[in-house]
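Try each task by yourself before you read the solution.

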Amino acid sequence: MLKQSLWALAAALFFSMMAACVKLTNGELTTLEMVFYRSLFGVITIGLFVKRNHLSLKTPHLMGNITRSILGTLSISVWFFTLGQLPFGTNMTLVYTTPLFMSVNFIILALLRHQRAPWGLAAAIIAGFSGITIILQPSFSSDQLWPALLTLSVALLDLAIYWQMKELGRLQEPSWRIVFYFTCFGTCFGLIGAYLLEDGLHMPSPEAALAVLAMGAFATLGQIATTRSYAYGNMLLSSCLGFSAIPFAAIISWLLFDEPSTLMSICGMLLITTAGIGATIITKRAEARGIAPVEGKVAAEGSKE
């Protein structure tokens, strides 16, 4: 499970590159247009992959894929909405509370089953989240309470999505098929929403078109890496490693947009890196001792029932 969880690092890098590509479009496209193009690229590339390798898109777990797709699209839509309602640092900090909710979830599950709680991984997640707050320095006024609560709902939705991914992974659903159904749903939602809620699709400039193509590529790779990490790996380790998206984004901002990091931000990045290394070591030692993670025990109990 450790090797599968390390896909979370790749996902963090891909999503950071995706965010940079969004910035390179210079605001030429609307939110739902971006959702449409991001998803359409995944549908086309995965469809070509399936055809080339003579695979099948037919699934015995259609409802599970539909549930994951609806939750994922809802999460992205609410998040895009709240981005315009809160300061960026506050928004991203609240979105990254998912690992904290996950830690509480796993500790409660372990205590209810009289099992050993994952205290070490929970401590690493708290350390990583502390690094996030040091870098982003969140703050909001009293009139931003409802947007803040909406952003927290995104974090809770993401927790449900990760559990759904884990269930599909237990059922041996391949990651590319999970992502295909998600991108199909996102393509339809983005296209319909662009015409119903915005002013339709626009022809981007050549520079923006290249950025959109790159965004679609990185988004698809990021979704596949995320799905592999959460479906087949250790969910707590994956969530802790996901914090690395913030240091990756800071490095990319420095390289592409000449946005330097402060000493405080560098300290936060070091804390996130230390937390990720610590979580990896804890997981590796647990696997060496043959200790199954909490989600693995839950899945095993579910399969017996």
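**Exercise 1. Find which residues have the most contacts inside the largest nonpolar core, and which elements build that core.**

Solution. This is a predicted model, so please read every step with that in mind.
- Step 1: The largest nonpolar core has 34 residues, and Met102, Phe243 and Ile246 have the most contacts inside it.
- Step 2: Two or more residues of this core come from each of helix H2 (7-24), helix H6 (98-112), helix H7 (119-136), H8, helix H11 (235-241), helix H12 (245-257) and helix H13 (263-288).
- Step 3: H7 has the largest share, with 7 residues.
- Step 4: Now pick out Met102. Setting aside neighbours within four places in sequence, Met102 touches Leu159, Tyr162, Tyr230, Met235, Leu236 and Ser239.
- Step 5: There is also a second, separate core of 9 residues, with Leu29, Met34, Met215 and Ala219 among them.

**Exercise 2. Check whether the span of helix H4 agrees with its number of residues, then find what its buried residues pack against.**

Solution. 
- Step 1: Helix H4 covers residues 62-83, which is 22 residues.
- Step 2: At 1.5 Å a residue, H4 should span 32 Å; the C-alpha atoms at its ends are 32 Å apart, so the two values agree.
- Step 3: Look for residues of H4 under 20% relative accessible area. The buried ones include Gly64, Asn65, Arg68, Leu71, Ile76 and Val78.
- Step 4: The partners of the buried H4 residues are helix H3 (31-52), helix H5 (88-95), helix H8 (145-170), helix H9 (175-196) and helix H10 (206-232).

**Exercise 3. How many cavities of 30 Å³ or more does the structure hold, and which residues line them?**

Solution. 
- Step 1: There are 2 cavities of 30 Å³ or more.
- Step 2: The largest cavity has a volume of about 50 Å³, and its lining is made of Arg38, Ser39, Phe182, Thr183, Ala219, Thr220 and Gln223.
- Step 3: H3, H9 and H10 each give two or more residues to this lining, and H10 gives the most, with 3 residues.
- Step 4: By class, the lining of the largest cavity has 2 nonpolar, 4 polar and 1 charged residues.
- Step 5: Turn to the second largest cavity, with a volume of about 40 Å³. Its lining consists of Val35, Arg38, Ser39, Thr73, Ile76, Phe182, Thr183 and Gly186.
- Step 6: Here H3, H4 and H9 each supply at least two residues, and the lining divides into 3 nonpolar, 4 polar and 1 charged.

Note on methods: Residues numbered from 1 in each chain as written. Predicted model: local features only at pLDDT ≥ 70, side-chain atom pairs only at ≥ 80, totals over all residues. Heavy atoms only, no water. Helix = DSSP H or I, 4+ residues; strand = E, 2+ residues; numbered from the N terminus. Expected span 1.5 Å × (residues − 1). Buried < 20%, exposed > 50% of the residue type's maximum accessible area, 1.4 Å probe, protein only. Contact = heavy atoms within 4.5 Å. 1 Å grid on protein atoms, 1.4 Å probe; cavity = no way out; pocket = protein on both sides within 12 Å on 5 of 7 lines; lining within 4 Å. Points joined across faces, edges and corners; volume = space filled by probe spheres on them. Nonpolar A, V, L, I, M, F, W, Y, C, P; charged D, E, K, R; others polar. Core = buried A, V, L, I, M, F, W, Y, C linked by side-chain atoms within 4.5 Å.
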